[in-house]
Amino acid sequence: MATVRGLSELEARMGFASLCVEATAKQANCSYREMYERLKKVGLIQEYVRRLDPVHTQSREYVVNEILQTLERLEKNQKEAVV
């Protein structure tokens, strides 16, 4: 498995996912646990872990804004699918 700055690829991906959850929770003014559950429910945790290579070069603000916009859209779509 490849390494990133001394970390295994898995460690780098997990660290990135953690950063995404914490930064997004802060921006949304909620707990990291609540944000993790929301992201997990719509599959965004898995998606961002898979997309580490193209996304990690973006600014934290860009990534957080993209996550929040996508999260809101996916949550809305889930609610509409249930109705």
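The legends below describe close-up views of a predicted model.

**View 1. Overall arrangement of secondary structure in the predicted model.** The protein contains five helices and two strands. Read from the N terminus, the order of elements is β-β-α-α-α-α-α. Of the 83 residues in the protein, 33% are buried. Among contacts with a separation of 6 or more, 59% join residues 24 or more positions apart.

**View 2. Helix α1, residues 9–28.** The end C-alpha atoms of α1 are 28 Å apart, which agrees with the 28 Å that its 20 residues should span at 1.5 Å a residue. Buried positions of α1 are Ala12, Arg13, Phe16, Ala17, Cys20, Val21, Ala23, Thr24 and Ala25. Leu19 also lies in α1, but counts as partly exposed because its relative accessibility is 34%. Between the C-alpha atoms of Leu19 and Arg60 there are 8.9 Å, although these residues are 41 residues apart along the chain.

**View 3. Asn29, in the loop between α1 and α2.** Asn29 follows α1. The residue is not a glycine, yet has a positive phi of about 60°. Asn29 counts as exposed because its relative accessible area is 73%, above the 50% cut-off.

**View 4. Packing of α1 against α2.** The two helices meet at an angle of about 110°, and their axes are 8 Å apart. α1 and α2 are therefore roughly perpendicular to each other. From α1, the contact is made by Val21, Glu22, Thr24, Ala25 and Ala28, and from α2 by Tyr32, Met35, Tyr36 and Leu39. By residue class, this contact of α1 with α2 has seven nonpolar residues, one polar and one charged.

View 5. Leaving aside residues up to four places away in sequence, Thr24 touches Met35, Val64, Ile67 and Leu68. Of these, Met35 is one of the α2 residues in the contact with α1. Val64, Ile67 and Leu68 are among the buried residues of α5.

**View 6. Helix α5, residues 60–82.** α5 has 23 residues. The distance from its first C-alpha to its last is 33 Å, close to the 33 Å expected at 1.5 Å a residue. Buried in α5 are Val63, Val64, Glu66, Ile67, Leu68, Thr70, Leu71 and Glu75.

**View 7. Packing of α2 against α5.** Helix α2, residues 32–42, packs on α5 at an angle of about 60°, with the axes 10 Å apart. That angle makes α2 oblique to α5. The crossing of α2 past α5 is left-handed. On the α2 side, the contact is made by Met35, Arg38, Leu39, Lys41 and Val42. On the α5 side, Ile67, Leu68, Leu71, Leu74, Glu75 and Gln78 take part. Seven residues of this contact of α2 with α5 are nonpolar, one is polar and three are charged. Ile67, Leu68, Leu71 and Glu75 are among the buried residues of α5.

How values were computed. Residues numbered from 1 in each chain as written. Predicted model: local features only at pLDDT ≥ 70, side-chain atom pairs only at ≥ 80, totals over all residues. Heavy atoms only, no water. Helix = DSSP H or I, 4+ residues; strand = E, 2+ residues; numbered from the N terminus. Expected span 1.5 Å × (residues − 1). Buried < 20%, exposed > 50% of the residue type's maximum accessible area, 1.4 Å probe, protein only. Axes fitted to C-alpha atoms, helices over the stretch in contact; angles between N-to-C directions. Parallel < 35°, antiparallel > 145°, perpendicular 65-115°, else oblique. Left-handed = near helix turned anticlockwise from the far one by under 90°. Contact = heavy atoms within 4.5 Å. Nonpolar A, V, L, I, M, F, W, Y, C, P; charged D, E, K, R; others polar.
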